[in-house]
Amino acid sequence: MELEKIVVASGNKGKITEIKAIFTGVEIVSMQELGFDGDIEETGKTFKENAKIKAETIAKKFSLPALSDDSGLCVESLRGAPGIYSARFSGEGDAENRKLLLKRLENVYDRRAYFESAVCLCFPNGKTYFGEGRTHGKILYEEIGTNGFGYDCIFYSDDLKKSFGLATDEEKNSVSHRYRALCDLRKKI
């Protein structure tokens, strides 16, 4: 299937940058570039449900294929938390989210974690495709590196053998949950 233009149903600049770097050969525009500044309420109970809600909303609004990602950090010893609530874990933004997570893991030995991503490509006619991906690692005891966004500087990647905060965009994109989900999606369309 040939795609010429996709609207990314996200306001997260970090996600949009990653999608542009991974989804090459297609014109990628953000929903803000088309004039949508509103929030889309994520009422789903899974990453996949939230991705579909966002992609459907934007596909219908602009009559263009829309791509959405919902992703988050899942910590084994916290029974998958912060999970779908990763972006709003503390209610105070990225720095406070990291601080709260490190506080919750203060005396915890098992720091295994993974980033999970579900991507949804929705067409104006309702046709929908999904891709899913994970990348495994562990939560560090302190922030290491300043690259990336969100929890990147406290996530040690098993693939890269270093913090995502120390990884270049190219390194992270080659093993990220979003990259794997987009590759999974591309196989299906």
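How many helices and strands does the secondary structure of the protein chain come to? Switch to cartoon view and count: there are five helices and seven strands. Here helices (H or I, at least four residues) and strands (E, at least two) are DSSP runs, numbered from the N terminus. Trace the chain from that end and the elements go β-α-β-α-β-α-β-β-β-β-α-α.

Two notes before we zoom in. What you're looking at is a predicted model, in which local features need pLDDT of at least 70 and side-chain atom pairs count only at pLDDT 80 or more, while totals for chains, interfaces and linings use all residues. Residues are numbered from 1 along each chain as its sequence is written, and side-chain values use heavy atoms, with hydrogens and water left out.

**The whole chain**

Zoom out. The C-alpha trace spans about 50 × 30 × 25 Å along its principal axes. The radius of gyration (taken over C-alpha atoms) is 16 Å, which agrees with the value near 16 Å for a compact globule of 189 residues, by the rule of 2.2 Å times the number of residues to the power 0.38. Of those 189 residues, 48% count as buried. Buried means under 20% relative accessible area, exposed means over 50%, and partly exposed is in between (1.4 Å probe, protein chains only).

**Stop one: helix α1**

Select residues 13-22, which make up helix α1. Show the side chains of Lys 15, Ile 16, Glu 18, Ile 19 and Ile 22, the buried ones here. Now look down the axis: they sit on the same side of α1, because they cover an arc of only 165°. That arc is the one made by the directions from the helix axis to the C-beta atoms. In general, an α-helix has 3.6 residues a turn, so residues three or four places apart point the same way.

What do the buried residues of α1 pack against? Among their partners are β1 (5-8), β2 (27-30) and α2 (47-62).

**Stop two: helix α3**

Next, select residues 94-104, helix α3. Its buried residues are Asn 97, Arg 98, Leu 101 and Leu 102.

**Stop three: Ser 71**

Click on Ser 71, in strand β3. Is Ser 71 buried or exposed? Its relative accessible area is 15%, so Ser 71 is buried. Its side chain makes polar contacts (a pair of N or O atoms within 3.5 Å; within protein, one must be able to donate a hydrogen and the other to accept it, and residues adjacent in sequence count only if both atoms are side-chain atoms). One joins it to the side chain of Asp 69 at 3.1 Å, and another to the side chain of Arg 178 at 2.9 Å. Leaving out residues up to four places away in sequence, Ser 71 touches (heavy atoms within 4.5 Å) several residues, including Lys 15, Phe 47 and His 177.

Finally, select Cys 74 and Cys 153. How many disulfides are there? Zero, counting a disulfide as a pair of cysteine sulfur atoms within 2.5 Å. For Cys 74, the nearest cysteine sulfur is that of Cys 153, 18 Å away. Cys 74 is buried at 4% relative accessible area, and Cys 153 counts as buried at 7%.
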